[in-house]
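Subject: Structure handover

Hello,

Here is the structure I promised to pass on. My notes follow below it.

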Amino acid sequence: HLDTLTAQAALAEELLLGARKFEEGEALSRETWHGLKQQLGPDHRDTLDAMSTYCAALAIPGGREQEVEPLERELLAKREQVNGPNDFNTIDAIGNLAYILATQGKLAEAEKYGRQELTRFQSAGFGDKRNALYSANNLALYRMLQGDAAEAQKLLEEKYKIAVNVW
């Protein structure tokens with residue numbers, strides 16, 4: 001039943017983020033995602049939200065990045081198709097993919113997506129939000145890990161300018 005799946009989705013997020021019970025959260029988020037796919041279809045916004053929670057359930061504890069990467073790529077493609085390229089959830093999916101790529105050492109590709117995330121946050125009017133700060137910070141980290149301290153410094157200075165506007 002749809003109401004049960006909605007309640008499950010909230011519980012899965014609480015298990016993952018609040019209680020940090022990753023195994024239970026993973027199982028419940030997977031069950032919720034599959035249930036919503038059957039009830040609402042694979043491209044429904046609620047199904048995509050559940051898919052995102054499932055990706056987080058796999059990624060948060062670490063060590064399963066290779067398993068998460070194709071799911072994050074699929075989620076991003078669906079978010080762009082369903083929500084559009086400048087929707088907050090679409091942009092957030094770009095950042096999640098960048099993070100997963102970075103954790104696997106795919107820094108050049110992570111940087112590409114990180115730049116895309118920051119640009120979209122700014123062009124969509126989210127540039128003064130905290131997420132743009134996180135995006136600029138992550139992008140600076142990707143540059144630093146690739147040995148470009150000067151570019152990382154420039155990005156951190158940009159982050160500071162964003163922070164002044166937020167607070």
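**A buried tryptophan and its partners**

Trp-33 has 7% relative accessibility, so it counts as buried. Buried here means under 20% relative accessible area; exposed means over 50%, and partly exposed lies in between (1.4 Å probe, protein chains only).

Please keep in mind that this is a predicted model, in which local features need pLDDT of at least 70, side-chain atom pairs count only at pLDDT 80 or more, and totals for chains, interfaces and linings use all residues. Residues are numbered from 1 along each chain as its sequence is written, and side-chain values use heavy atoms, with hydrogens and water left out.

Back to the rings. A pair of aromatic rings is described by the distance of the centres and the angle of the planes. Rings of Phe, Tyr and Trp (its six-membered ring) pair if their centres lie within 6.5 Å; planes under 30 degrees apart count as stacked, over 60 as edge-to-face and the rest as tilted. The count by this rule is two aromatic pairs.

Trp-33 belongs to helix 2 (residues 22-40) and Tyr-54 to helix 3, so the pair ties together parts that are 21 residues apart in sequence. Helices (H or I, at least four residues) and strands (E, at least two) are DSSP runs, numbered from the N terminus. Tyr-54 is buried too, with a relative accessible area of 7%.

The other pair is Phe-88 with Phe-121. This one is tilted, at 5.7 Å centre to centre and 50° between the planes. Phe-88 sits in helix 5 and Phe-121 in helix 6, so the pair links distant parts of the chain, 33 residues apart. Phe-88 is partly exposed, at a relative accessible area of 30%. Phe-121 has 0% relative accessibility and counts as buried.

Trp-33 has a charged neighbour as well. The charged end of Lys-37 sits over its ring, 4.2 Å from the ring centre. The rule for this is NZ of Lys or CZ of Arg within 6 Å of the ring centre and within 35 degrees of the ring normal.

**The chain as a whole**

The protein chain has eight helices and zero strands. From the N terminus on, its elements run α-α-α-α-α-α-α-α. Of its 167 residues, 41% are buried.

**The nonpolar core**

A nonpolar core is a set of buried Ala, Val, Leu, Ile, Met, Phe, Trp, Tyr and Cys residues joined through side-chain atoms within 4.5 Å. The largest one holds 20 residues, and Leu-76, Tyr-113 and Tyr-142 touch the most other members. Helix 5, helix 6, helix 7 and helix 8 (149-166) each give two or more residues to this core. Helix 5 gives the most, with seven residues.

**Two pockets**

A pocket is an open set of points on a 1 Å grid over the protein atoms alone, where a 1.4 Å probe fits, with protein on both sides within 12 Å along at least five of seven lines; lining residues have an atom within 4 Å of a point. Volume is the space filled by probe spheres set on the points.

The largest pocket has a volume of about 530 Å³. It is lined by 20 residues, and Ser-52, Ala-56, Ile-60, Asp-92 and Asn-96 are the closest to its centre. Helix 1 (2-18), helix 3 (45-59), helix 4 (65-83) and helix 5 (88-103) each supply at least two lining residues. Helix 5 has the largest share, seven residues. The lining divides into 11 nonpolar, four polar and five charged residues. Here Ala, Val, Leu, Ile, Met, Phe, Trp, Tyr, Cys and Pro count as nonpolar, Asp, Glu, Lys and Arg as charged, and the others, Gly among them, as polar.

The second largest pocket has a volume of about 180 Å³. Among its 13 lining residues, Gly-95, Asn-96, Glu-117, Tyr-134 and Asn-138 lie nearest its centre. Helix 7 (130-145) gives the most to this lining, with six residues. The lining divides into five nonpolar, six polar and two charged residues.

Arg-79 is found in helix 4 and is buried, with a relative accessible area of 4%. Arg-120 lies in helix 6 and is buried at 15%.

Best wishes
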